[in-house]
Amino acid sequence: MADGRTEADELHAVTTRAGTGDDPLDHLAAGAMAFRSPNRTLVAHGVARRVELGRTGGWANDVAAISEALAAIDREGRDGEPASGPVAFCALPFDRRRTAAVTIPRLVRGRDVHGSSWVTTISPANPAAGTTPSPPFPSGRSTNHLATDPTGSELGGDTAAISGPPPELRLRASIGDAEWMAKVDELTRHMAAGQLEKAVLFRELRLTSEAPLDPIALYRRLLPTAPAGYVFCLDGFVGASPELLVSRIDDTVRAEPMAGTLPRSGDPQTDLRRAGELLRSEKLRHEHAVTIERAHDALLGWCSYLDAQPEPLVVEAGAVLHLATLVEGRLSHPAPTVLDLVAALHPTPAVGGWPIAEALELIDELECLDRDRVGGAVGWVDADGNGEFAVAIRSALLDGTTARLLAGVGIVADSDPQAELEETRAKFAAVLPHLIRP
Ligand SMILES: C=C(O[C@@H]1C=C(C(=O)O)C=C[C@H]1O)C(=O)O
């Protein structure tokens with residue numbers, strides 16, 4: 001083969017229909033990768049191939065390597081249905097210049113919104129040619145044990161040591177509230193001086209537990225919290241994002257940018273009032289409009305038709321309300337893959353800022369955090385270039401007994417540091433309570 005692979009590396013994918021009622025989520029086991037959108041559920045195990053992206057120019061310049069790896073796999077059965085053949089699971093870092101490792105799993109179970117379900121298995125095309133088999137699929141359920149006794153936890157404060165004999169969890173912000181608010185202040189001064197319109201500043205919480213933190217247990221807990229969202233679990237990166245970065249199914253492209261946020265109160269009357277406030281706030285409407293324009297402009301060149309809803313909607317996402325606008329279009333031919341569209345859109349002003357180059361420079365200087373995959377793009381792509389990617393937010397990066405959580409807020413000239421701090425707390429509330437729950 002031209003890329004140096006041998007016959008022994010050639011892979012063969014077989015897709016078969018699964019029994020009616022078969023739910024991929026019933027097969028979640030330790031080490032699973034999973035992605036659930038409003039349209040389908042995918043649960044995967046094992047590794048058929050790992051694709052390393054961007055060693056020279058960063059992942060965003062190398063997404064074609066994923067399509068090539070998928071295209072090189074022989075396919076049999078259920079051709080043409082989105083996600084039903086070989087797929088790659090991707091969690092692409094926020095920083096486009098970084099490398100990324102993407103997995104094409106050995107076994108994928110899928111179910112679409114109509115209840116149609118399937119199983120795809122990938123194995124060496126010629127087992128006799130000497131490919132070393134990967135370890136067998138993990139079996140059995142993951143334990144549901146995260147850690148116990150989160151008494152005394154709170155979302156605010158610089159350090160919240162969680163007591164109770166023996167102490168099990170420790171939660172701390174990576175910098176103090178006052179120091180973080182000073183960064184917000186400094187950013188607003190740059191906006192007031194006219195250097196840029198908006199920059200998104202993240203804040204980090206670190207959780208340490210005596211017991212290992214279980215990604216699958218967290219994933220299960222997040223599933224019911226975001227019925228209209230994108231719930232993912234990939235290599236210890238677990239989250240429930242409300243925001244569709246982009247989906248491409250055949251020649252239809254969709255994105256649903258969200259920007260402009262207010263905390264929810266829990267009281268329906270108050271929340272209704274806040275929804276009205278969101279829709280009337282000039283500051284938040286402007287922040288939102290910039291994000292929609294940018295998505296529209298980035299997609300337009302690929303489309304024969306593209307439209308955005310004339311007015312934003314208010315959507316509920318856990319402890320916050322967002323302004324959201326659906327952008328939808330028809331792709332021209334030859335249609336780009338969903339990964340081409342991801343690379344064109346990322347980073348959106350909702351996770352980066354505007355203008356993007358100025359925003360990224362200031363973030364680099366001020367934020368002092370490794371965003372890793374947070375704020376990046378998380379999703380799946382198949383061999384036909386179909387796929388769904390969410391903005392990778394409302395998440396936790398789990399590693400053994402520690403977890404990092406990051407929440408970001410859009411800072412503009414008239415941002416109030418205290419209100420922005422509260423907004424990060426409301427965003428942490430999407431995942432943190434589920435991580436520390438006994
Ligand atoms: C960056 C985050 O959220 C993003 C920022 C938003 C805002 O500033 O209004 C809204 C939705 C997301 O696009 C996050 O949750 O960490």
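**Sheets, helices and a ligand shell**

Val 315 has His 322 in strand E20 as its bridge partner. This pair belongs to a predicted model. Strand E19 and strand E20 (residues 320–324) are joined in the antiparallel sense over 5 bridges. Helix H5 (residues 282–300) lies across E17 and E20. The direction of H5 is at about 150 degrees to that of E17. Helix H8 (residues 417–428) also packs on the sheet, where H8 touches E17 and E20. H8 makes an angle of about 95 degrees with E17.

The sheet itself is open and has 3 strands, in the order E17-E20-E19. Its pairing is antiparallel. Strand E17 (258–263) and strand E19 (313–317) are the edge strands, and each pairs on one side only. On average, neighbouring strands of this sheet are turned by 30 degrees against each other, direction ignored. Strands of a sheet pair through backbone hydrogen bonds, and the pairing can be parallel or antiparallel.

The whole chain comes next. The chain contains 9 helices and 26 strands. Of its 438 residues, 48% are buried. Contacts between residues at least 6 apart in sequence were examined as well, and 74% of these join residues at least 24 apart. UniProt lists residues 178–427 as "domain: Chorismate-utilising enzyme C-terminal", in an unreviewed entry. Over residues 178–427, the chain is 34% helix and 35% strand. The end C-alpha atoms of this stretch are 19 Å apart.

Which residues are closest to the ligand? They are Thr 261, Ala 350, Ile 393, Gly 408 and Gly 410. In total, 17 residues surround the ligand. By class, this shell has 9 nonpolar, 5 polar and 3 charged residues. E17 supplies at least two residues of the shell, and so does strand E26 (402–411).

Strand E24 (residues 387–391) is mostly covered, with 5 of its 5 residues buried. Gly 387, Phe 389 and Val 391 point one way from E24. Glu 388 and Ala 390 point the other way. Both groups are buried. E24 is paired with two strands described here. Strand E15 (residues 244–249) runs antiparallel to E24 and is joined to E24 by 4 bridges. Here Val 246 has Phe 389 in E24 as its bridge partner. Strand E23 (residues 377–382) also runs antiparallel to E24, with 5 bridges between them. Trp 380 stands opposite Glu 388 in E24. E23 and E24 form a hairpin, with 4 residues between the two strands. In the turn, Gly 385 has a positive phi of about 85 degrees.

E11 is joined to strand E12 (residues 198–209) by 5 bridges, and the two run antiparallel.

Helix H3 (residues 215–222) has several buried residues: Pro 215, Ala 217, Leu 218, Tyr 219 and Leu 222. What covers them? The cover includes strand E2 (33–36), strand E13 (230–234), strand E14 (237–241) and strand E25 (395–399). It also includes helix H9 (432–436).

Gly 229 lies in the loop between H3 and E13. Why is Gly 229 counted as buried? It is buried because 24 other C-beta atoms lie within 10 Å, and the cut-off is 20 or more. Beyond its neighbours within four places in sequence, Gly 229 is in contact with Ala 240, Ser 241, Pro 242 and Ala 317. Gly 229 and Lys 427 are 198 residues apart in sequence. In space they are 14 Å apart, C-alpha to C-alpha.

Ala 13 is part of strand E1 (residues 11–17). Ala 13 counts as buried because it has 24 C-beta neighbours inside 10 Å. Leaving out its neighbours within four places in sequence, its contacts include Ile 73, Asp 74, Arg 75 and Glu 76. Gly 85, Pro 86, Thr 120 and Ile 122 are also in contact with Ala 13. Ala 13 and Thr 41 are 28 residues apart in sequence and 19 Å apart in space, C-alpha to C-alpha.

Technical notes: Residues are numbered from 1 along each chain as its sequence is written. This is a predicted model: local features need pLDDT of at least 70, side-chain atom pairs count only at pLDDT 80 or more; totals for chains, interfaces and linings use all residues. A residue is buried if 20 or more other C-beta atoms lie within 10 Å of its own, exposed if 12 or fewer, and partly exposed in between; C-beta atoms are placed from the backbone. Two residues are in contact if their C-beta atoms, placed from the backbone, lie within 7 Å. Two strands pair if DSSP finds at least two bridges between them. Axes are lines fitted to C-alpha atoms, for helices over the stretch in contact, and angles run from 0 to 180 degrees between N-to-C directions. UniProt positions are given in the numbering used here, feature names are shortened, and annotations may be inferred rather than shown by experiment. A residue is near a molecule or strand if its C-beta atom, placed from the backbone, lies within 6 Å of it. Ala, Val, Leu, Ile, Met, Phe, Trp, Tyr, Cys and Pro count as nonpolar, Asp, Glu, Lys and Arg as charged, and the others, Gly among them, as polar.
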